[in-house]
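Visitor: Hi! I'm new to this one. Could you walk me through a few of its residues?

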Amino acid sequence: MGGAGFLGSHVCDALLDRDYDVVCLDNESTGSDTNVAHLVGDDRFAYRRCDVVDTFEVSGTVDLVLQLASPASPVHYLAMPVETMKVGSLGTMHGLDLAARHDARFVLASTSEVYGDPLEHPQRESYWGNVNPVGPRAVYDESKRFGEALTTAYRTSRALDTGIVRIFNTYGPRMATDDGRVVPTFLHQALAGEPLTVAGDGLQTRSLCYVDDTVRGIVTMAESAHTGPVNIGNTHEVTMLELAKHVVELTGSSSTIEFVERPVDDPEKRRPDTALARELLDWVPQVDARTGLSRTIAWFSEALEARSVGA
């Protein structure tokens, strides 16, 4: 579910590498079939364009259901607020029902956004969060919080085998160049020679995790028997101003930095406590920021050049 998205497509790759048969479901509202085009022709891979908000079935044996379907960028979920709430609620329910019909394990890809603008730092899984339920980000935050509650209800009341991972800011190849999240925005601006737009004073922090590390954490959780929630993210914390300067350096750009208005309810700090992931999953991030950003820059350069040629 959500298999043609940025993160979902990398999960498809990882599962195929582990010799799973993969059925990828996506309505392409934010994903794209181009993200999985390289998998077409593999007999172990099937792609279906469908909306998981509607009921669906997968034929044959189903051992694992992964729910990664949801807009994840503020640009997208603010443009599709009702759709975001539906996929987090109805879409999650339909995935849980599919898992129940096939006696399969179900894993929900939740988010660090369930912590809101956290009053605890770093954030442990035991922290309940500080979320504004009627703020502009609530459509995403609350849909994921509801998804966690629903997943837990199926486990406790219906004995379904479930797991929850809370994913912190992930970046890497296949992010849409107009995604709107901080890394693709900075890279797009730097490669185009435009000013990098830093929100507020730029001192708010994020902890960025390269996609390969995040996917390894998700798949390891899926292959475990743990229920979670478990944080999957990098503990290296960086301010947005530091990140902007780092991107300018790595791209060799002449871009300047421009400060813009900070979005409503933008979290001040974000860093996971990953002790549980280390203990339960033997998982720690392996890709450092310089390596991860360099790989992402190379992919973005090619993607922007291809788009320019095709324009």
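Guide: Happy to. One term to begin with: buried means under 20% relative accessible area, exposed means over 50%, and partly exposed lies in between, using a 1.4 Å probe and protein chains only. Tyr140, at 7% relative accessibility, counts as buried. This is a predicted model, where local features need pLDDT of at least 70, side-chain atom pairs count only at pLDDT 80 or more, and totals for chains, interfaces and linings use all residues. Residues are numbered from 1 along each chain as its sequence is written, and side-chain values use heavy atoms, leaving out hydrogens and water.

Visitor: Thanks! How many aromatic pairs are there?

Guide: The count is 5 aromatic pairs. Rings of Phe, Tyr and Trp (its six-membered ring) pair if their centres lie within 6.5 Å; planes under 30 degrees apart are stacked, over 60 edge-to-face, and the rest tilted. Tyr77 and Tyr140 make a stacked pair, with 4.8 Å from centre to centre and 5° between the planes.

Visitor: Which helices do Tyr77 and Tyr140 lie in?

Guide: Tyr77 is in helix α2 (residues 74-79) and Tyr140 in helix α4 (residues 138-158), so their pair ties together parts 63 residues apart in sequence. Helices here are DSSP runs of H or I with at least four residues, strands are runs of E with at least two, and both are numbered from the N terminus. Tyr77 is buried too, with a relative accessible area of 1%.

Visitor: And what about Tyr171 and Tyr210?

Guide: Their ring centres are 5.6 Å apart and the planes stand at 65°, so this pair is edge-to-face. Tyr171 belongs to strand β6 (residues 170-171) and Tyr210 to strand β9 (residues 209-210). Both Tyr171 and Tyr210 are buried.

Visitor: Which residues do ring pairs link into a cluster?

Guide: Tyr115, Tyr127 and Phe168.

Visitor: New topic: how many disulfides?

Guide: The count is 0 disulfides, where a disulfide is a pair of cysteine sulfur atoms within 2.5 Å.

Visitor: Last one: where is Arg166 found, and what does it touch?

Guide: Arg166 is found in strand β5 (residues 162-167) and is buried, with a relative accessible area of 8%. Not counting residues up to four places away in sequence, Arg166 touches several residues, including Glu125, Glu148, Tyr115 and Tyr127; contact means heavy atoms within 4.5 Å.
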